[in-house]
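Subject: Structure handover

Hello,

Here is the structure we talked about. Please open it first and then read the notes below.

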Amino acid sequence: DVTDQHPPSSFLEGNRYIKTHQCTSRLLSHKIKFYHTLHTPKKIKIMADEQERRLVSIMVKPKAGVDAVALYDKIKSEVTSQEEYKIKWDDACKVENGKIYTSFTIALEADFDEEVMEVIECMEDEVEDQQITYQAAMEG
């Protein structure tokens, strides 16, 4: 029986309390061990080291005569963002109707428009158009 209130005989599980008088002592013991395991300093340290990330999908249209795959290789090598943002490009891209479709992940706190899209825009000799097709924060 789960309740959102804090009755006198209860056990915390997540943000809810489970009435302990309905739990067997074995189940309660398991829940206490589980709670302890989740809240050890090691687990908290691992959570602190994880970086929140953003997934961004983009489309890049090369200028006429520019090889799309070669342009994507150039984008991957030249658009690196600041080191702490740890940009990660897809290994390969999809080329459809002459347009490059790909995605990358970057630190959530990064201004990916400035770190990535504006850099691609500056490749004006090779890039005709570029746009974001999707972006979302990734949960860790």
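A residue is called buried under 20% relative accessible area, exposed over 50%, and partly exposed in between (1.4 Å probe, protein chains only). E128 has a relative accessible area of 48%, so E128 is partly exposed.

Two remarks on the source. This is a predicted model, in which local features need pLDDT of at least 70 and side-chain atom pairs count only at pLDDT 80 or more, while totals for chains, interfaces and linings use all residues. Residues are numbered from 1 along each chain as its sequence is written, and side-chain values use heavy atoms, with hydrogens and water left out.

Salt bridges

Side chains of opposite charge can pair when their charged atoms come close. The rule used here asks for a side-chain nitrogen of Lys or Arg within 4 Å of a carboxyl oxygen of Asp or Glu. How many salt bridges does the structure hold? There are three.

- E128 is bridged to K61, with 3.3 Å between the closest N and O atoms. This pair links distant parts of the chain, 67 residues apart: K61 in strand β4 (residues 53–62) and E128 in strand β8 (residues 127–138). Helices (H or I, at least four residues) and strands (E, at least two) are DSSP runs, numbered from the N terminus. K61 has a relative accessible area of 30% and is partly exposed.
- K74 and E126 meet at 2.4 Å, N to O. They are 52 residues apart, K74 in helix α3 and E126 in the loop between α4 and β8. K74 is partly exposed at 26% relative accessibility, and E126 is partly exposed at 21%.
- E96 and K94 meet at 3.1 Å, N to O. E96 is partly exposed at 36%, as is K94 at 49%.

Aromatic pairs

Rings of Phe, Tyr and Trp (its six-membered ring) pair if their centres lie within 6.5 Å; planes under 30 degrees apart count as stacked, over 60 as edge-to-face and the rest as tilted. This gives two aromatic pairs. Why is the pair of Y72 and W89 edge-to-face? Their planes stand at 85°, with the ring centres 6.2 Å apart, so the pair falls in that class. Y72 lies in helix α3 (residues 68–78) and W89 in strand β5 (residues 88–89), 17 residues apart. W89 also pairs with F104, tilted, at 4.8 Å centre to centre and 50° between the planes. F104 belongs to strand β7 (residues 99–107), so this pair ties together parts 15 residues apart in sequence. Both Y72 and W89 are buried, and F104 is buried too. Y72, W89 and F104 form one aromatic cluster.

Regards
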